[in-house]
Amino acid sequence: MTDATSQTGRSGAQPRKSLHVTDARTRRRNAAEARFRFYGAAAIAVSILALVILLTSVLGNGLGAFRQTFITMPVALDATVLDKSGTGDIEVMKKVTTIGYAKVIEKALATALAEKGIATDGLTAKQISGLLSQEAAANLRNQVLADPALVGQTVDVKLLANGRVDGFFKGRVTMDSAKLDSNISPEQLELALKMREAGLMSLSFNPGFLFGGDASELRPEAAGLGVAILGSAYMMLIVLVLALPIGVAASIYLEEFAPKNKWTDLIEVNISNLAAVPSIVFGILGLAIFINFMGLPQSAPIVGGLVLTLMTLPTIIIATRAALKAVPPSIRDAALGVGASKMQAITHHVLPLAMPGILTGTIIGLAQALGETAPLLLIGMVAFVREFPDAPPEGFFDPASALPVQVYNFTQRADPAFVERASGAIIVLLVFLLLMNAVAILLRRRFERRW
Amino acid sequence: MNDMRIADRTVSSDTAKMTARGVQVYYGENHALKDVDIDILGGTVTAFIGPSGCGKSTFLRCLNRMNDTVSIARVLGEIKLDGEDIYDKSVDPVTLRARVGMVFQKPNPFPKSIYDNVAYGPKIHGLTKSKAELDQVVETSLKKAALWNEVKDRLHAPGTGLSGGQQQRLCIARAIATSPEVLLMDEPCSALDPIATAQVEELIDELRSQFSVVIVTHSMQQAARVSQRTAFFHLGHLVEYGETGQIFTNPQDPRTESYITGRIG
């Protein structure tokens with residue numbers, strides 16, 4: 001072929017264009033790409049915005065729950081009231097109810113106000129003691145019964161203030177709203193302001209929110225998450241102990257040993273479907289089988305744990321199978337080639353390599369179980385539980401609450417102070433979820449190996 | 001390696017280490033290997049050559065029952081190691097594979113230390129009684145695999161950190177650490193560069209003094225360089241089997257001739 005013919009051959013096609021000029025087709029393609037990038041960036045921006053709004057709302061509402069208004073004052077623990085026998089016998093002292101302690105506190109408050117020179121004109125004794133939480137007497141009683149030697153002494157104690165007073169300092173209650181409120185009056189709030197100036201009343205960290213039990217509708221200031229955290233921890237323990245071995249064993253069998261036939265196909269499809277079953281269905285199953293048929297107690301972490309195990313298993317199995325599949329077959333060949341048995345090849349080589357994936361799947365499953373509410377409502381964990389469950393294993397059968405249910409529970413109550421409690425509980429839940437995810441990432445880093 | 005050795009190579013043994021009679025392999029409906037009869041001699045390097053999909057790797061994997069791991073594979077016929085049927089019900093493939101070691105196409109060291117890679121076989125078979133003995137086995141295996149000098153100072157470094165050729169020699173060391181009688185190699189040099197290939201080939205020649213080596217290769221030059229006997233497979237049939245020199249210089253079957261002259265394959 002000569003140069004001439006090749007020239008004529010080219011002239012029949014389109015004329016050669018400059019690289020500096022883009023044609024319409026290229027422009028359209030570039031525009032499509034630019035549009036797609038913009039959509040992507042916009043989607044990310046919207047989700048970040050949603051996250052920020054969510055966090056601001058939850059943190060804004062909930063952080064207050066970790067701080068509480070306390071009244072700090074010296075209380076004379078009058079032996080004639082609190083220990084009538086004078087022997088210090090704990091059984092005798094237990095007969096003094098909170099009413100006795102309320103009187104002691106009332107007296108101490110009046111003394112403290114007088115000492116600081118705060119006038120209480122126009123307020124009845126009942127209104128003054130109304131600044132304190134109804135829980136304060138019970139707290140003091142617990143404190144004294146825990147250490148009977150205190151009786152007869154004058155000790156500085158920190159007592160919970162009434163929820164309305166607390167709300168006033170946090171901005172939830174105003175003078176205007178107090179006028180319409182039968183539980184608190186503007187005069188009481190002015191007294192509270194004076195007490196704060198005198199140093200009797202202050203906002204400080206509230207350990208009771210994290211470690212205390214729930215409290216009744218009328219005492220939002222005393223409501224805590226202790227029972228819920230412990231209940232959730234018990235359930236997570238049960239889920240971990242049951243779901244991890246069962247899930248991993250099932251996955252190893254299905255992935256490495258089971259023959260590929262229509263039965264295993266059916267099992268596979270069912271496992272995938274189970275992962276998508278609404279969680280409330282598992283709750284009904286738990287109610288029918290564990291409580292009605294097997295007779296396990298209601299509201300108990302054991303039942304919650306079993307139900308959540310059933311719910312978590314498909315997640316763990318799917319994640320584990322994916323992790324096992326991702327291990328290159330050459331590693332299995334290598335192990336079998338030097339004469340390892342199938343089980344040795346799996347335990348020595350495949351499992352360690354799949355471990356990061358298995359652990360990640362397990363922790364994601366656990367996190368899902370930790371946030372699950374619906375099935376727990378059906379097995380009675382929504383009940384009002386004040387008392388802490390015992391230590392395991394007996395504690396697994398004691399009534400307990402769970403964090404997400406506690407959030408739900410708080411939101412059902414009338415007092416606006418519970419809004420703050422609910423948001424605070426959500427923060428605790430989120431912190432636990434973040435911790436679990438952090439652990440998942442750490443474990444993945446720790447076990448990750450190249451091959 | 002030099003090609004000139006074809007003439008002077010001798011088969012050091014006439015005793016058959018492994019014998020196969022009437023071996024058929026089916027993958028589901030697919031008849032992958034048809035009626036293969038072969039004697040693998042002791043102390044010999046036997047090369048399997050043939051175009052892709054001809055069944056040479058399949059047959060190799062029959063020799064240590066690696067095909068057991070493929071659920072749809074069925075092996076019929078009889079394969080004997082030292083006169084014992086390896087497909088007998090009483091044979092545990094685990095003990096068989098300790099005696100018939102295997103090296104794979106792609107270097108596949110375990111993601112563990114060099115030492116652990118080599119020590120794994122002896123450990124699981126309980127071949128050594130003490131740590132010192134195990135150290136000795138690791139050292140001799142690495143020496144036999146011509147890797148000792150390169151890795152002796154970093155035995156506890158990960159095996160995956162070695163170069164491709166070193167990894168493949170590590171895999172060979174791992175395979176010979178259990179003192180197998182037969183060493184199967186499935187295209188051991190296909191992922192290696194020419195220099196690493198030369199090292200591995202040299203190694204194969206040295207290993208012949210202790211083991212029967214069976215090597216599957218796509219490279220006819222390699223078969224000519226390293227083997228004493230060559231088997232040519234085509235479409236599931238064992239077409240021709242004989243002395244390497246004879247196969248390459250004077251093939252009996254027209255298909256063999258076509259393949260080695262490059263007309264088919």
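Predicted model: local features only at pLDDT ≥ 70, side-chain atom pairs only at ≥ 80, totals over all residues.
Residues are numbered from 1 along each chain as its sequence is written, chains are lettered from A in the order in which they are written, and side-chain values use heavy atoms, without hydrogens or water. Local features need pLDDT of at least 70, side-chain atom pairs count only at pLDDT 80 or more, and totals for chains, interfaces and linings use all residues.

**Stop 1: the leucine patch.** Select A:Leu51, A:Leu54, A:Leu55, A:Leu59, A:Leu63 and A:Leu430. They form a nonpolar patch on the surface, with about 490 Å² of accessible area together. Patch members have over 30% relative accessible area and no salt bridge, and nonpolar side chains (Val, Leu, Ile, Met, Phe, Trp, Tyr) are joined within 5 Å. A salt bridge puts a side-chain nitrogen of Lys or Arg within 4 Å of a carboxyl oxygen of Asp or Glu. Areas come from the Shrake-Rupley method with a 1.4 Å probe, and for residues only the protein chains shown count as cover.

Now colour helix H2 (residues 24-62) of chain A: H2 gives the most to the patch, with four residues. Helices (H or I, at least four residues) and strands (E, at least two) are DSSP runs, numbered from the N terminus. A:Leu63 lies in the loop between H2 and strand S1 (67-76) of chain A. A:Leu63 is partly exposed, at 47% relative accessible area; buried means under 20%, exposed over 50%, and partly exposed in between.

**Stop 2: phenylalanine pairs in chain A.** The structure holds 10 aromatic pairs over all chains. Rings of Phe, Tyr and Trp (its six-membered ring) pair if their centres lie within 6.5 Å; planes under 30 degrees apart are stacked, over 60 edge-to-face, the rest tilted. Select A:Phe66 and A:Phe209: centres 5.2 Å apart, planes at 85 degrees, so edge-to-face. A:Phe66 is in the loop between H2 and S1 and A:Phe209 in helix H11 (residues 207-211), so the pair ties together parts 143 residues apart in sequence. A:Phe66 is buried at 15% relative accessibility, and A:Phe209 at 0%.

Next, A:Phe168 and A:Phe169. This pair is tilted, 5.6 Å centre to centre with 45 degrees between the planes. Both are buried.

**Stop 3: a charge over a ring.** Show A:Lys158. Its charged end sits over the ring of A:Phe70, 4.8 Å from the centre. The cut-offs are NZ of Lys or CZ of Arg within 6 Å of the ring centre and within 35 degrees of the ring normal.

**Stop 4: chain B.** Select B:Phe48, B:Phe59 and B:Phe233, which form one aromatic cluster. Then go to B:Arg229, whose charged end sits over the ring of B:Tyr241, 4.8 Å from its centre. Finally, select residues 18-260 of chain B, listed by UniProt (unreviewed entry) for "domain: ABC transporter". Over residues 18-260 the chain is 38% helix and 27% strand, with the end C-alpha atoms 26 Å apart.

Note on methods: Patch = residues over 30% accessible without salt bridge, like charges linked within 9 Å, V, L, I, M, F, W, Y side chains within 5 Å. Buried < 20%, exposed > 50% of the residue type's maximum accessible area, 1.4 Å probe, protein only. UniProt positions renumbered as here; feature names shortened; annotations may be inferred.
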